[in-house]
Amino acid sequence: MHKKILVYLFISAGIFLIILTLYLFLLYINLPNVKLLESWTPPQASVVYDYRNRYYGDIGVQKRYYVKIENIPQKLIYAFIAAEDRNFFKHSGIDISAILRAFVANLKAGRIVQGGSTITQQLAKNLFLTRERTLGRKIREALLAFKIERTFDKNKILELYLNQIYLGNGAYGVEAASRVYFGKSVADLTLEESALLAGLPKAPSRFNPFVNPELAKKRRDYVLHRMLEEGYITREEYEVAVSKPVIVRKENRYIMSDYILDMVKGYLTDKYGDIALQGGLKIYLTIDKDLQSIAVRSLKKGLKRIARMNGIPFLPETEKDMEEYYKIQDTDLVEGKVYVAKIKREGDKVKVQLGEHLFSIDTSGLPLSDREYIFVRIKGENGKPKAEFVPDLQGALVSLDVQTGAIRALVGGYSYAYSPFNRALYAKRQPGSAIKPVIYMAALLKGETQISSIDARPRTFYDPTTGQEWTPKNYDDKEYSVVTLRKALAKSINTATVNLLDKLGFEVVLHVGDKVGLSDLKPYYSLALGTVEVTPLELTSAYQVFANLGIRCEPYLIRKIVDQKGNVLEENSPRCERVLPPQETRVLVDMLRAVILEGTGRSAKSMQRIVAGKTGTTDEYMDAWFIGFSPYISAGVWVGYDIKKSLGNRMSGARVALPIWKDFMSVAAAKYPDDDFPLPEGTVVVPINPKDYVIADETCDGVDMVFVEGTQPKLTCSDLKGIFGL
């Protein structure tokens, strides 16, 4: 009887072994072809460089930079082996002793505290299998590991693993992790930095040194101890390494994305599709990394100043900033004060909560669909407080190389993390008086000079946009009689400019607009006051034509794109053409210099640089502009709310946008020689007496002005005195 049982057991065991062997064989022959790893090219980050070929940032599905095993330091390899797979060089893909150790440890703890997977098993799982926790998946993982070990040597397996492993904060592979955490290449890592990276695969979020530096240090020191136990480092090296604090680069300094990288990403995706997604490209930009940093700083500094002037307590970098401020703010309501309120949606109705108070707000036309918190201002009415929506205060700054059109800096808003909408490219806003140089350029082309006179008394015009008559007014309701074109532009006299437009006719003005890239101008008299809509990039590009004395250069961002094999996918150079005559354009530049020396932009005189430009302010102070340039670099600044709402009384371009422009251009212009604008052939500089507008001589004072040769006055102050017998 017992013999029969034993026979049945042996037969059953034999059948089981045959079935198991057949099952494993079928599994094995149906495993993925691991030889594909020989040509494996994982998604990599595309690296972006500035115009001096300095690293700017990266873009891609995964932040990864593939690095060969010979370029990975031995101490980093040993750190990963000590932490993840001590018998890596001894096993054939599966480490039975590690599995047993993990089983015992987990049994003692009553939970999973240790894993028995080898580096090869981790590679197999991450590249070929899902993350499901089943026996079948573990068997396939073990067989794949065995197959990989039979196909590749240990160095190749390590190379694949160290380039594939996820190490937190969006970094795949050791090179990307080294750049993210330490701001350096993997080849430059120290022993303690190598140990910190090797400690991350177990739980990248938990041991994140940006968030949990103490926990990261404990894990790092554990890895160092394991390296000591395995004989990879000496006792002295261990003692020195564990004594050092965890020092990582500031997390915010590693550019995850910004307006520039977003522009590049969109361009690559639209033009190259799958090639862009695969990554590994090298993208060379026209951006000056230093100027971009200064542009970001200048815009933030200026917007914070304007926020304080408007009673806004702070400007958020992220949505979380709004949430945190909401929790700590004093909710004792004070009329006129701005608070952060939480949005409460009830069907189609929107209310906001402020402490214990709940307010209904008018949300018509407000972009609140993806918002949880907003700014509100408390308004008192018959003793009953109400909440008024305060939109986001925003701005944009664009800087172009005058002689090439290369974009040197571009900032699309206060914070990309809070609002990725790129206002420099897409915000269509009225330019106000910043459009006026187009009209004065047209006047010069029609034979006028900067001392030609124009009647500045107000007249009434028909406005087809409203179907009503319209009478322009000047800033602060100032009145003038007859003024020169120079004074009209420098002082931004609205009545004079509209009268000049009427004198010239629309055709020549629209022609100039088209030549400088403003092709959407409409034949309305209100055009003279900037009632059309343009983007900051479009308007700054138009001024580049003036600064370059009539040569228009298309703005461009990308110099060159190179693929992983070193093939140049595209290479761009300046595309420039003459669109305006240099002589008349040089006269306009002199008039825009007068804006700085004598007019609305005179606060820029403190820069002690030769610059020119124009302020712009729209009705009810909804938009504030300053666009200006040196002979080498131009910049445009726009400030406003994201919806069309007044910035506040007297919040003009000179008061709001010009200080930001000055802050940026004080640094940007200083990178170039302090040269004057060149005088093209056919122009002359003549000292003009500002009282009588004749040539100044030894009998009177004069201001140097530029004229097209032959259009300058003929009389001198002495001649004038002789004529009138003075």
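Q: Which residue of β5 does Val48 stand opposite?
A: Val48 faces Ile283 in β5. The model is predicted: local features need pLDDT of at least 70, side-chain atom pairs count only at pLDDT 80 or more, and totals for chains, interfaces and linings use all residues. Residues are numbered from 1 along each chain as its sequence is written, and side-chain values use heavy atoms, with hydrogens and water left out.

Q: In which sense do β1 and β5 pair?
A: Strands of a sheet pair through backbone hydrogen bonds, either parallel or antiparallel. Here, β1 (residues 46-49) and β5 (residues 282-285) pair in the parallel sense, over 3 bridges. Tyr49 has Tyr284 of β5 as its bridge partner. Strands are DSSP runs of E, at least two residues, numbered from the N terminus. Two strands pair if DSSP finds at least two bridges between them.

Q: Over how many bridges do β5 and β18 pair?
A: β5 and β18 (residues 558-562) pair over 4 bridges, in the antiparallel sense. Lys282 has Val562 in β18 as its bridge partner.

Q: What is the strand order of the open sheet with mixed pairing?
A: Read β2-β1-β5-β18-β19, 5 strands with mixed pairing. At the edges lie β2 (55-59) and β19 (568-571), each pairing on one side only. Neighbouring strands of this sheet are turned by 15° against each other on average, direction ignored. Axes are lines fitted to C-alpha atoms, and angles run from 0 to 180 degrees between N-to-C directions.

Q: Which strands make up the open sheet with antiparallel pairing?
A: The 5 strands run in the order β12-β11-β23-β22-β21. Its edge strands are β12 (407-411) and β21 (612-617), and each pairs on one side only. Look at β21 and β22 (residues 623-629): they pair in the antiparallel sense over 6 bridges.

Q: Which residues form the positive surface patch?
A: A patch joins like charges within 9 Å, using residues with over 30% relative accessible area (Shrake-Rupley, 1.4 Å probe) and no salt bridge. A salt bridge is a side-chain nitrogen of Lys or Arg within 4 Å of a carboxyl oxygen of Asp or Glu. Lys and Arg count as positive, placed at NZ of Lys and CZ of Arg. In this model, Lys478, Lys487, Lys491, Arg602 and Lys605 form the patch.

Q: Where is Lys478?
A: Lys478 sits in the loop between β15 (468-470) and β16 (482-484).

Key:
Patch = residues over 30% accessible without salt bridge, like charges linked within 9 Å, V, L, I, M, F, W, Y side chains within 5 Å.
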